[in-house]
Amino acid sequence: MLPLILFYLFATVLVLAAVAVIVSRNPVYAALSLVLCFVTSAAIWLLIEAEFLAIVLVLVYVGAVMVLFLFVIMMLDIDLEELRAGFTRFAWLGWIVAGVIVLEIAGVVLTGKLGIDVTRGAAPLPANYSNTQELGALLYGRYAYPFEIAAMVLLVAIVAAIALTLRHRPNLKAQDIGRQVAARASERVRLVKMDSEHRE
Amino acid sequence: MSALGDLWGQLPGYVHSTLFTLLLCIVLILSVAYLTLWERKVIGWMQLRIGPNRVRIFGFLPGMGQPFADVIKLLIKEIVIPARANKVLFRLAPAITLIPAFAAWAVVPIAPNYAIANVDAGLLYVLSLTSMGVYGVILAGWSSNSTYAFLGAMRSAAQMVAYEIAMGFALVGVLMAAGSLNLGVIVTQQHGGLLAWNWFWLLPLLVVYFISGIAETNRAPFDVAEGESEIVAGFHVEYSGMAFALFFLAEYANMILIAGLTAVFFFGGWLSPLDGYPWWLGGTSLLALPGTHWLVIKLFALLFLFLWFRATFPRYRYDQIMRLGWKFLIPVTLVWIAVEALMSRYHVGPWKL
């Protein structure tokens, strides 16, 4: 009973937060609502005992991705009028996409009637079953090569992103730590020996 | 006494954990209060000053009443909310900064085989909570509608995101050594005395973790988010009274958390340094028994480092902070994780894989 109540509580918050992402006029509020979405979906994942994925969702999306999102949103001066300019013109496209999604969700929910109920959830696992361990065994064992390929693709993407945004500014004064550390007093200071003045 | 013990045993688990949580919170808040005094005293001594010595408790112990005097002063001050600030977020931000610093203690093993919540993915829980703290800083800076506050928030956000990566990688080494994400298991795996603790085998990771911890808590020499010489007081420039005190509390609570986590990850938590040694080294004496006191001793020794660093090092320049984080600390962790993998492959050191 309690898990059900919790589920509906989190689901309500999740839906409300998702609506808030779209309708809030302030982009910072929209980003914060998205954070709330991630946190509540992590809570729902915890309810179905996917604790590793739930914590990683909070760690990666809430802890890193959304921080950078907020960072950018706060620095940009977003003109909402410009963003809303084509709202009525493209509304029909939005309605079609929304309709398709509603149909898809209905399809998933209604499959219960066909005897292939996917909404019932998996069978309860034994108490000593470790989600994290199983996930690791699959990722590093059975799917090791796809995993490595995904890692390489990500690495290439990072390099490409840096290469695209890197600007070489002329006359930029940068610190060369290696040269600073290698500097010796003998190169910097020249001691000059001079005769002291003679007083006649 | 035994009747009380029986009653205690009969109480359901959630009563136990609630009481322990309350106790822990009170201890933490008192520690934060006296940490501020300790810091001022230590820095005073290092600079050949006396430090706070006026407010007494019951007429003696000069200076010991200072934290309470400070708290009462801040409590009765007015909280000024800037006219064009975002009022909701302005009020929310201090709480968001403070909550993770306390919530993370839930999984820290504070006594032999005891933590308030024995979570299997405890290490990830700690990482995800500490990464939430940055929201308070960003929101405080943005909602104040002040350029100084905003600059402080930007600096702090970039710094915290950068150092979180080094911190996470350093902890990868710890979880490789322990073979578990559970903080209790990480402690018990280090049993066997001073040299069996992780600091010995993972020394580079310890250094990286502690430096990142100082950067994460925005402490000197990484306190550019406050940078009073350039941006007045950074993200909390517009806060006054108790709202400011919450940021202050969060900073010190975070210091205690980082010191406690370092003690758990690298210094064997509640284990005794003499544990497992022969009798002539004290291995059978009372000192070899594990207990909360060992965690407390290690925690305060590490906290002292925070104060020492603040009194010693000048503040880093912003580009130097970024360089240290990305180009030095992260490569060090990557190299040491590889070394650790080789060591465990060839059974050098105490790995149990």
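**Figure 1. Surroundings of Trp105(B) in the predicted model.** Trp105(B) touches Leu24(B), Leu28(B), Ile110(B), Ile256(B), Leu257(B), Gly260(B) and Leu299(B), leaving aside residues up to four places away in sequence. The model shown here and in the views below is predicted. Within the largest nonpolar core, which has 73 residues, Trp105(B) is one of those that touch the most other members, together with Leu183(B), Tyr209(B), Phe265(B) and Phe266(B). Helix α11 of chain B (residues 241-266) supplies the largest share of this core, 14 residues. Another core, of 35 residues, lies apart from it and includes Phe90(B), Val137(B), Ala157(B) and Phe247(B).

**Figure 2. Ser156(B) in helix α6 of chain B.** Helix α6 of chain B, which holds Ser156(B), spans residues 147-178. Ser156(B) counts as buried because its relative accessibility is 0%, where the cut-off for buried is under 20%. Among residues beyond four places away in sequence, Ser156(B) touches Val137(B), Asn218(B) and Ala225(B). Val137(B) is also among the members of the 35-residue core.

**Figure 3. The interface of chain A and chain B.** Contacts join 22 residues of chain A to 26 residues of chain B. About 2000 Å² is buried between the two chains, and carbon and sulfur atoms give 79% of this area. On the side of chain A that touches chain B, the elements giving two or more residues are α2 (27-47) and α3 (51-75) of chain A. The largest share of that side, 14 residues, comes from α3(A). By class, the side of chain A comprises 18 nonpolar and four polar residues, with no charged residues.

**Figure 4. The helices of chain A.** Chain A contains nine helices and zero strands. Of its 200 residues, 16% count as buried. Among the contacts in chain A between residues at least 6 apart in sequence, 54% join residues at least 24 apart.

**Figure 5. The salt bridge of Arg310(B) and Glu39(B).** The side chains of Arg310(B) and Glu39(B) meet at 2.9 Å, N to O. This pair links distant parts of the chain, with Arg310(B) in helix α12 (residues 292-312) and Glu39(B) in helix α2 of chain B, 271 residues apart. Arg310(B) is partly exposed, at 40% relative accessibility, whereas Glu39(B) is buried, at 2%. Both residues belong to a network of salt bridges that also includes Arg219(B) and Glu251(B). Over all chains, the search of the whole structure finds six salt bridges.

**Figure 6. Two further salt bridges in chain B.** Arg40(B) and Asp70(B) meet through their side chains at 3.5 Å, N to O. Arg40(B) lies in helix α2 and Asp70(B) in helix α3 (residues 66-75) of chain B, 30 residues apart. Arg40(B) is partly exposed, with a relative accessible area of 39%, and Asp70(B) is partly exposed, with 24%. In the other pair, Arg315(B) and Asp223(B) meet at 2.7 Å, N to O. Arg315(B) lies in the loop between α12 and α13 (318-345) of chain B, and Asp223(B) in the loop between α9 (203-216) and α10 (228-231), 92 residues apart. Arg315(B) is partly exposed at 27%, while Asp223(B) counts as buried at 10% relative accessibility.

**Figure 7. Ile29(B) in helix α2 of chain B.** Ile29(B) is found in helix α2 (residues 13-46) of chain B. With a relative accessible area of 41%, Ile29(B) is partly exposed. Ile29(B) and Val348(B) are separated by 319 residues in sequence and by 42 Å in space, C-alpha to C-alpha.

Technical notes: Residues numbered from 1 in each chain as written. Chains lettered and ligands numbered in written order. Predicted model: local features only at pLDDT ≥ 70, side-chain atom pairs only at ≥ 80, totals over all residues. Heavy atoms only, no water. Core = buried A, V, L, I, M, F, W, Y, C linked by side-chain atoms within 4.5 Å. Buried < 20%, exposed > 50% of the residue type's maximum accessible area, 1.4 Å probe, protein only. Helix = DSSP H or I, 4+ residues; strand = E, 2+ residues; numbered from the N terminus. Contact = heavy atoms within 4.5 Å. Buried area = accessible area lost by both parts, 1.4 Å probe. Nonpolar A, V, L, I, M, F, W, Y, C, P; charged D, E, K, R; others polar. Salt bridge = Lys/Arg side-chain N within 4 Å of Asp/Glu carboxyl O.
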